[in-house]
Amino acid sequence: MTVLKIDTAPAYDPKNEIEKNIMTLNPNKSSYFTFSNYYDQNESIYYDDYIESQKDNREFMLQIALRHGASITDDKVSEILADKPLLALEAIRQLLQAR
């Protein structure tokens, strides 16, 4: 499985604590990572559901794709990118520029 990811994504100012927490997650490369494993107690929402609610927020979705990668596994980011091919291409373009 190929995962697209860069270590340094362009600057992004999280709009709330959930986004801040999502941006700082560090997926463990040795096990299956999914945002649905993370639940925000304060907001009573799973990160997967928050990401789904932000799927039209192009800047946020691009940051998630760049920071956490987009794999062919069943996760919310990959599902959204599959429906937004131009956003996926933008993430790939930025990945290539970062190298």
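Guide: This is a predicted model. Start with two helices: the axes of helix H1 (residues 17-24) and helix H3 (residues 58-68) come within 9 Å and cross at roughly 25°.

Visitor: Why is H1 called roughly parallel to H3?

Guide: Angles under 35 degrees count as roughly parallel. The axes of H1 and H3 cross at roughly 25°, so H1 is roughly parallel to H3.

Visitor: Which residues make the contact between H1 and H3?

Guide: From H1 come Glu19, Ile22 and Met23, and from H3 come Phe60, Gln63, Ile64, Arg67 and His68. Sorted by class, this contact has 4 nonpolar, 2 polar and 2 charged residues.

Visitor: What makes H3 largely enclosed by the rest of the structure?

Guide: A residue is buried when its relative accessible area is under 20%. In H3, 8 of the 11 residues are buried, so the helix is largely enclosed by the rest of the structure. The buried residues of H3 are Phe60, Met61, Leu62, Gln63, Ile64, Ala65, Leu66 and His68.

Visitor: How do you know that His68 is buried?

Guide: The relative accessibility of His68 is 10%, and the cut-off for buried is under 20%, so His68 counts as buried. His68 and Phe35 are 33 residues apart in sequence, and their C-alpha atoms are 10.0 Å apart in space.

Visitor: Is Glu19 buried or exposed?

Guide: Glu19, which lies in helix H1, has a relative accessible area of 1%. Buried means under 20%, so Glu19 is buried.

Visitor: Which residues does Glu19 touch, leaving aside those up to four places away in sequence?

Guide: Glu19 touches Tyr12, Pro14, Tyr50, Gln54, Asn57 and Phe60. Of these, Tyr50 is 31 residues from Glu19 in sequence, with 8.7 Å between the two C-alpha atoms.

Visitor: How many salt bridges does a search of the whole structure find?

Guide: The search finds 3 salt bridges.

Visitor: What makes Glu52 and Lys55 a salt bridge?

Guide: The nitrogen of Lys or Arg must be within 4 Å of a carboxyl oxygen of Asp or Glu. For the side chains of Glu52 and Lys55 the N to O distance is 3.1 Å, so the pair counts as a salt bridge. Glu52 has a relative accessible area of 26% and Lys55 has 33%.

Visitor: Where in the chain are Asp56 and Lys84?

Guide: The side chains of Asp56 and Lys84 meet in a salt bridge, 3.1 Å from N to O. Asp56 is in the loop between helix H2 (47-53) and H3, whereas Lys84 is in the loop between helix H4 (76-83) and helix H5 (85-98). The two residues are 28 residues apart, and their pair links distant parts of the chain.

Visitor: Why is Asp56 called exposed, and why is Lys84 called partly exposed?

Guide: Exposed means over 50%. Asp56 has a relative accessible area of 61%, so Asp56 is exposed. Lys84, at 26% relative accessibility, counts as partly exposed.

Visitor: How do you know that Glu90 forms a salt bridge with Arg93?

Guide: The closest N and O atoms of Glu90 and Arg93 are 2.5 Å apart, and the limit is 4 Å. Both residues lie in helix H5, 3 residues apart, about one turn of the helix. Glu90 is buried, with a relative accessible area of 16%, while Arg93 is partly exposed at 36%.

Visitor: How many helices and strands are in the chain?

Guide: The chain has 5 helices and 2 strands, in the pattern α-β-β-α-α-α-α along the sequence. Buried residues make up 40% of its 99 residues.

How values were computed: Residues are numbered from 1 along each chain as its sequence is written. This is a predicted model: local features need pLDDT of at least 70, side-chain atom pairs count only at pLDDT 80 or more; totals for chains, interfaces and linings use all residues. Side-chain values use heavy atoms; hydrogens and water are left out. Axes are lines fitted to C-alpha atoms, for helices over the stretch in contact, and angles run from 0 to 180 degrees between N-to-C directions. Helices (H or I, at least four residues) and strands (E, at least two) are DSSP runs, numbered from the N terminus. Angles under 35 degrees count as roughly parallel, over 145 as roughly antiparallel, 65 to 115 as roughly perpendicular and the rest as oblique. Contact means heavy atoms within 4.5 Å. Ala, Val, Leu, Ile, Met, Phe, Trp, Tyr, Cys and Pro count as nonpolar, Asp, Glu, Lys and Arg as charged, and the others, Gly among them, as polar. Buried means under 20% relative accessible area, exposed over 50%, partly exposed in between (1.4 Å probe, protein chains only).
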